[in-house]
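Hi,

Here is the structure we talked about. Please open it and keep it on screen while you read. My notes follow below.

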Amino acid sequence: MARSKKASSDTVVAAAEPPAVEAAEQQFLRLMSHEMRTPLNGVIGMLGLLSRTRLDGAQRAYAEAARSSAEHLLGLVNDLLDYARLEADRLEFDSAPVDLEGLVRGVAELLSPRAHDKGLEIAWSVAPEAVDIMADEGRLRQVLFNLAGNAVKFAETGGVRITVERSGGSLKTPKLAFIVDDTGPGIPAEARGRIFEEFGHVDASDASRFGGAGLGLAVVRKLAHAMGGTVSVADRPDGPGARFRFEAAFPAAKHMPPRCAVSLAGQAVAVVSPDPFVRAAAAAQIEASGGTVTAKAPVLLIDHAARPAGQGLVPRPADGRAVVLLKPSERDLIARYRSSGFHGYLIKPLRRASVAERVLAASGAQLTMQPGPPPPPPEDDRVALTRFSGIRVLLVEDNPVGALLASTLLKREGCAVETAASGHEALDALKRARYDLVFMDMRMPGMDGPSAARAIRARGDETPIVALTANAFAEDRRACLEAGMDDHLVKPLELESLRASLTRWTKSADRAKVAAG
């Protein structure tokens, strides 16, 4: 837990609040988090379901606008709660090994729909010398998501790039720089201090034009200071726009697997894209895998966005083998590119392991494997449907809207779902039948989720239990794991995270309870 010491100019320090007062404040924050998040999660989830039904153009626009407003309100709630906890020096940090590539890739992919909807590119890379670290991954993600989300919000053309570089430190305690570049309007020098202040904006009209209370960057600054680091903003050095930089030293993680099991040693690759961020990120990922980037090469990565005006496809180059780069929304072009002679495709934002796989497949070279986990499938099919036909799920949720949302998503994945509205009902259901997985709400009247989990484990029942919680506080995560649950999902439920949880906990060979931190 990070705590700061505050003193007045005459060095008189105020007495600490009694423990009972501190405990009451923390309980109030948890309660307010739950009470505000629960209805908002329901609104966001149901609008998501609505958007997957047959709607005309106007109805879809209304539904998307409503969901955008609800997500904005949820973001404000999150910022307010985090800011209150930071002000009270009550934000906890759980240190664990952090896979930097997985962290940055996840932030980029989470923001990619928002960026692509605006016509922006989003790209990422991690330098090989930026070694994996011990840190609170959730808090690092929050910093990056706020910085990159802010960049997507203000950029109207061009794109956003997230990079991690080594900036000093020692072998045991490397210093890393997390950098977010954008092609937005930039930050005037006189406003660069103000934007990190509470309710601070570059311009007074920004709050109404772009939305936001001006707390996101204030939270970033406080998180950066709590992690012993700094955050700053400057002009982007290689063009118009801004560069945000969070820098801090962290302990190096030990015994982490290699980042990519496939080597591009000896492979030359050319990259063609009208977007400098896409070119730079692709080049960085190729070089991090051991390859070289040249103007002419046997394998060419060519962006669909590089097609000449008025043409539906990028022309296939006369020399070499080509791999096309597509946005997720352009997947319907895959068959046409294959029939025109392209040797594969990659989905943006690019993944380094997928780039290495596809380059080797296109070149016809044999895979040179490095020690570590097996590589991903050659086709980077990140939106492929995963079905769970026949999986029996017990859904324990007292909120009718939350229950409807979760059960609908589960049934669409092929699960057989039975619902219970309380911990007592869950115990009765588990007496009557066996289930492959239990999704358990944390807060319910009568017997809450942790109490029900303890009762289930006391019987010797080892059915996997995944907590469903509207809270994202570290103590809530620990509470569910200490009660005997195996994992947790934060609401609003996202389809990909739900699929990942189903995959993890319905395949017995892959089960491994998450660490409590």
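A residue counts as buried when its relative accessible area is under 20%. Cys480 has 1%, so Cys480 is buried. Cys415 has 6%, so Cys415 is buried too. One caution before going on: this is a predicted model.

How many disulfides does a search of the whole structure find? The count is 0.

Now the cores. Nonpolar side chains tend to be buried together in soluble globular proteins. Here, the largest nonpolar core has 48 residues. Which of them touch the most other members? They are Leu100, Leu140 and Phe244.

Leaving out residues up to four places away in sequence, Leu140 touches Val98, Leu103, Ile133, Ala135, Phe178, Met227, Phe246 and Phe250.

Next, two helices. Helix H3 covers residues 100–117, and helix H4 covers residues 137–154. Their axes come within 10 Å. They cross at roughly 30 degrees. Is the crossing of H3 and H4 left-handed or right-handed? It is right-handed.

Which residues make the contact?

- From H3: Leu103, Val104, Val107, Leu110, Leu111, Arg114 and Ala115.
- From H4: Glu137, Leu140, Arg141, Leu144, Phe145, Ala148, Gly149 and Val152.

By class, this contact has 11 nonpolar, 1 polar and 3 charged residues. Leu140 is part of the H4 side, and Leu140 also belongs to the largest nonpolar core.

Best wishes

Key: Residues numbered from 1 in each chain as written. Predicted model: local features only at pLDDT ≥ 70, side-chain atom pairs only at ≥ 80, totals over all residues. Heavy atoms only, no water. Core = buried A, V, L, I, M, F, W, Y, C linked by side-chain atoms within 4.5 Å. Buried < 20%, exposed > 50% of the residue type's maximum accessible area, 1.4 Å probe, protein only. Contact = heavy atoms within 4.5 Å. Axes fitted to C-alpha atoms, helices over the stretch in contact; angles between N-to-C directions. Helix = DSSP H or I, 4+ residues; strand = E, 2+ residues; numbered from the N terminus. Left-handed = near helix turned anticlockwise from the far one by under 90°. Nonpolar A, V, L, I, M, F, W, Y, C, P; charged D, E, K, R; others polar. Disulfide = S-S within 2.5 Å.
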